[in-house]
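The questions below ask what lies behind the terms used for this structure, and each answer sets a value against its cut-off.

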Amino acid sequence: MKILFLCVANSARSQMAEGLARALFGAAAEVSSAGSVPTRVNPNAITAMAEVGIDITGHTSKSVSDVNAGSMDLIITLCADEVCPIVPGRVERLHWPLPDPAGAPPDQALQKFREVRDEIRRRLSVLGRERGLIQ
């Protein structure tokens with residue numbers, strides 16, 4: 001199964017989702033992420049993922065225009081208050097509106113990244129069991 005995670009900057013939610021899905025699904029899924037206005041991977045996303053043993057330091061932010069979205073089996077958008085990238089075509093889509101932790105005040109930012117990370121992991125675990133991607 002080919003899964004694409006989308007958000008705006010491809011810096012936090014979609015990057016964490018990509019790392020978590022790779023760790024949870026292994027070879028059962030081909031996973032990628034992208035954004036409509038890519039920036040760089042947020043250092044708090046790297047820290048939050050390292051706390052659960054997943055290294056995303058090699059990830060880079062990618063543009064949705066550089067990804068063949070039409071070849072995906074599933075696209076999961078993670079935007080909440082922002083306008084998510086729109087990808088035309090007949091691809092199954094799920095929308096998981098999660099708040100952007102990058103918008104949190106500095107003294108709360110890492111905790112917000114942890115909360116979003118944990119919610120993405122919970123949703124991916126359910127999805128993985130439903131789709132037979134994890135046992």
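This is a predicted model: local features need pLDDT of at least 70, side-chain atom pairs count only at pLDDT 80 or more; totals for chains, interfaces and linings use all residues.

**Burial, charge pairs and cores**

Q: What makes Arg117 and Glu51 a salt bridge?
A: The term requires a side-chain nitrogen of Lys or Arg within 4 Å of a carboxyl oxygen of Asp or Glu, and the closest N and O atoms of Arg117 and Glu51 are 3.2 Å apart, so the pair meets the rule. Arg117 is in helix H3 and Glu51 in the loop between H2 and E3, 66 residues apart, and the pair thus links distant parts of the chain; helices (H or I, at least four residues) and strands (E, at least two) are DSSP runs, numbered from the N terminus.

Q: Which residues are linked with Glu51 in a network of salt bridges?
A: The network links Glu51 with Arg114, Arg117, Asp118 and Arg121. Within it, Arg114 and Glu51 form a salt bridge whose closest N and O atoms are 2.7 Å apart. Arg114 counts as partly exposed because its relative accessibility is 25%, and Glu51 counts as partly exposed because its value is 40%.

Q: Why does the salt bridge of Arg13 with Asp100 tie together parts that are 87 residues apart in sequence?
A: The closest N and O atoms of Arg13 and Asp100 are 3.9 Å apart. Arg13 lies in helix H1, whereas Asp100 lies in the loop between strand E4 (92-95) and H3, so the pair joins parts separated by 87 residues. At 2% relative accessibility Arg13 counts as buried, while Asp100, at 33%, counts as partly exposed.

Q: Which residues touch the most other members of the largest nonpolar core?
A: They are Ile3, Phe5, Met16, Phe25, Ile76, Ile120 and Leu124, out of 28 residues. A nonpolar core is a set of buried Ala, Val, Leu, Ile, Met, Phe, Trp, Tyr and Cys residues joined through side-chain atoms within 4.5 Å. Strand E1 (2-7), helix H1 (13-25), helix H2 (43-50), strand E3 (74-77) and helix H3 (109-131) each give two or more residues to this core.

Notes
Residues are numbered from 1 along each chain as its sequence is written. Side-chain values use heavy atoms; hydrogens and water are left out. Buried means under 20% relative accessible area, exposed over 50%, partly exposed in between (1.4 Å probe, protein chains only).
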